Amino acid sequence: MWRIFLLVCMAGAIQAHWGHAYAAAQRGGGVDPGVAVVTAEPTDHVDPRRVALVIGNGADGRYPDQVGENAPRDALAMRDQLRAYGFDVIMRIDATPQQMQQAIAEFRQRLHAGGVGLFYFAGHGMQVGDETLLIPAGIDTRSPARLIGEGVDLRSVLQAMRAPRADPLNLVILDTCLSNPFSAPAKIATPALPGNTLIAYATAPGGFAADGARHGVYTGALLRALADAPSQDLHELFQQVAVKVRENTGGKQTPWMTSSLARAFHLNVPVSSVAAAQFAAATLVEPVVVLKSRGILPKDSSEQYEITFWNSIKDSNYPSDYEAYLKAYPNGRFAALAHARIDRLRAAAPSSAPAPAPPAARPAAPASAAPQEHPRAAVPPTPTAPAATPPTVPSATPSAAPAAAQRPSAHPSNANETRDCATCPVMIAVPAGSFSMGSSTDDPSERPVHHVTIGAPFAIGKYEVTVEQWNACADANACQKLTPETNANKSAPARDLSWDDAQQYVRWLSKVTGKTYRLPTEAEWEYADRGGTTTQYWWGDQMRKGNANCKDCGEPWHKEGPESVGSFAPNPLGLYDMNGGVWEWVGDCWHNSYQGAPTDGRAWDTPGCDMRVIRGGSWREGSNYMLSATRFKYSAGVRQSQDGFRVVKELK
């Protein structure tokens, strides 16, 4: 039953050139999930003012072969065609929710240069309430609540396109059905469009999308139209595509579009004449072999699906599951009970309970990027070189203390701890010293290993900034309020925060205390995390249960949110949750490697930088993200449910 329920629609191209890269991937056994595949033939020219994000989700082994394989092929064909038109293309195949969010954040950053932004998606889609959800790969299809919670809202793409830039023009192409699998008839709530934006849908609301032997009908017609008449006005181009799709499906598939374009726009002649010729020769019409609706429930079965949905969550202890039900069935037979469950769970939640939160990443405007199921090698890195001058380690036996005793208290407990106000973070002094930063893994961002000298002592938060501490800033109207889902557990790390949000907090903290607070530099963070150790984790070269809050790091662990701070053992400096919990923002701009990095511990910044570094992993990652050298990036202005921070205080 769920297979029928979850075949939410996908379509693609009729017959298109899928490029040497995809052919090679087929020979090698497939396309790597979530990773951009680079074509073997260079494009004649890439225009920095034309940026495209292309995503094809489907070939993950859980859907029928024809549905699962066509979407990636469609995306690869579109990538090559867009490159021929001079687009700088960000490419994702079978991207997880986190990888999709990271790609959107990267798309947003690249659009700063101005010009044309194009988003293309081939895969499964849903319309639930007022949300248009694009379905990532890797979601458990037996869980409708997770399907709703982790679907990527189209509004996050439009928000990325909405950011001010020179000469903006936005084009969104959705080669997916957008039916509402929970109710009939399907109805698409058209999102508010930024100026100069056109959205092209493969089929009418509630309709189906047809497939050929290799591709779907809509993208194939689009590719052919681009090859035949590349200089058409966009409206004329998509009208021609709609006519061709109706012809090829006998009138059973009807594309449509919505637009706020204020002027005519032409893509012009492709800058790569060779690629254009290849597409013209390759896009030959093939017979339609699948002409049926995917993801639209039979009219007499919607009641049974509602019962199935409810049965899958009725024993849940997390409000987000009941909120997902209400989103699908706002007036459903169990709606009153769902509201009552939410109220009861939130009222009964103790301060030490994990924060009940939806499992999906929720940007305010990206994933894996990112912080998400990061495309990191599973092979642990080799140990780095020994530290030249390790910091002094305070005497402690942290693992012997019960979890409750390790949580923050109103007053500092050790001589090297300070606290500047009742709601301020507890700070631990870290002496000056030297260490070897980075690792020799196959991740180029962690190389080269380089010697760093921290010339002055500093104090760093004993814990990540908690919900309670953040709320003090919010109550002073100096910080934005947390969402209810992330605010339930006052002892949990504050999260769903951007780098910009963290800057607001440290400015407020500096003002109320009269001390200089800031985010740690990346070098300070790793120096403090290692605590004088040189092993892969601060506790050794092997994962050991009970040292970090991650999904395979041992109890306690809940997938819906991080544990209270201090629930796991501290490192040799007495710092808690440096690994796991939430990803922690640091002050540095993201660089792809340490080549040219400062060696004195200062922040490595770049004027106009939008992509910032996050460290430490989160509760949702596995143990291979808990390594001391692990680093990743995220857009500074985007909020993500796994991102938080801890602070540094400068010592005179």
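This is a predicted model: local features need pLDDT of at least 70, side-chain atom pairs count only at pLDDT 80 or more; totals for chains, interfaces and linings use all residues.
Me: What makes Leu 326 count as buried?
Reply: Buried means under 20% relative accessible area. Leu 326 has 12% relative accessibility, so Leu 326 counts as buried. Leu 326 sits in helix H11, residues 319-328.

Me: Which residues does Leu 326 touch, leaving out those up to four places away in sequence?
Reply: Leu 326 touches Ala 335, Ala 338, His 339 and Ile 342. As for spacing, the C-alpha atoms of Leu 326 and Ala 336 are 9.4 Å apart, and the two residues are 10 residues apart along the chain.

Me: Why are helices H14 and H15 called roughly perpendicular?
Reply: The angle between H14 (residues 467-475) and H15 (residues 499-513) is about 75 degrees. Angles of 65 to 115 degrees count as roughly perpendicular, and therefore H14 and H15 get that label. Their axes are 10 Å apart.

Me: Which residues make that contact between H14 and H15?
Reply: From H14 you have Gln 469, Trp 470, Ala 472 and Cys 473, and from H15 there are Asp 501, Tyr 505 and Trp 508. Sorted by kind, the residues of this contact are five nonpolar, one polar and one charged.

Me: How do you know that strand S18 is largely enclosed?
Reply: Count its buried residues: S18 covers residues 631-635, and five of the five are buried, so S18 is largely enclosed by the rest of the structure. Arg 631, Lys 633 and Ser 635 point one way, while Phe 632 and Tyr 634 point the other way.

Me: What makes S17 and S18 a pair?
Reply: Pairing takes at least two bridges between two strands. S17 (residues 611-615) is joined to S18 by five bridges, and the two run antiparallel, so they pass that cut-off. Within this pair, Arg 615 stands opposite Arg 631.

Me: What makes strand S12 mostly covered?
Reply: S12 spans residues 433-437, and five of its five residues are buried. Both faces are covered, with Gly 433, Phe 435 and Met 437 on one side and Ser 434 and Ser 436 on the other. S12 is joined to S13 (residues 450-454) by five bridges, and these strands run antiparallel. Ser 434 faces Thr 453 of S13.

Me: Why are S10 and S15 said to stand at the edges of their sheet?
Reply: That open sheet has five strands in the order S10-S11-S14-S20-S15, paired antiparallel. S10 (417-418) and S15 (517-518) each have a single partner strand, so one side of each is left without a neighbour in the sheet.

Me: How many bridges pair S11 with S14?
Reply: S11 (residues 427-430) and S14 (residues 458-461) pair over four bridges, in the antiparallel sense. Met 427 stands opposite Gly 461 there. Helix H16 (residues 522-530) lies across S11, S14, S15 and S20, at about 75 degrees to S14.

Me: Where does the predictor's confidence stay under 50?
Reply: Residues 1-45 are one such stretch, with pLDDT under 50 and 158 contacts beyond four places in sequence. Residues 392-413 are another, with 35 such contacts. For the protein, the mean pLDDT is 76, and 72% of its residues reach 70 or more.

Methods:
Residues are numbered from 1 along each chain as its sequence is written. Side-chain values use heavy atoms; hydrogens and water are left out. Buried means under 20% relative accessible area, exposed over 50%, partly exposed in between (1.4 Å probe, protein chains only). pLDDT is the predictor's confidence in each residue, from 0 to 100. Contact means heavy atoms within 4.5 Å. Axes are lines fitted to C-alpha atoms, for helices over the stretch in contact, and angles run from 0 to 180 degrees between N-to-C directions. Angles under 35 degrees count as roughly parallel, over 145 as roughly antiparallel, 65 to 115 as roughly perpendicular and the rest as oblique. Ala, Val, Leu, Ile, Met, Phe, Trp, Tyr, Cys and Pro count as nonpolar, Asp, Glu, Lys and Arg as charged, and the others, Gly among them, as polar.
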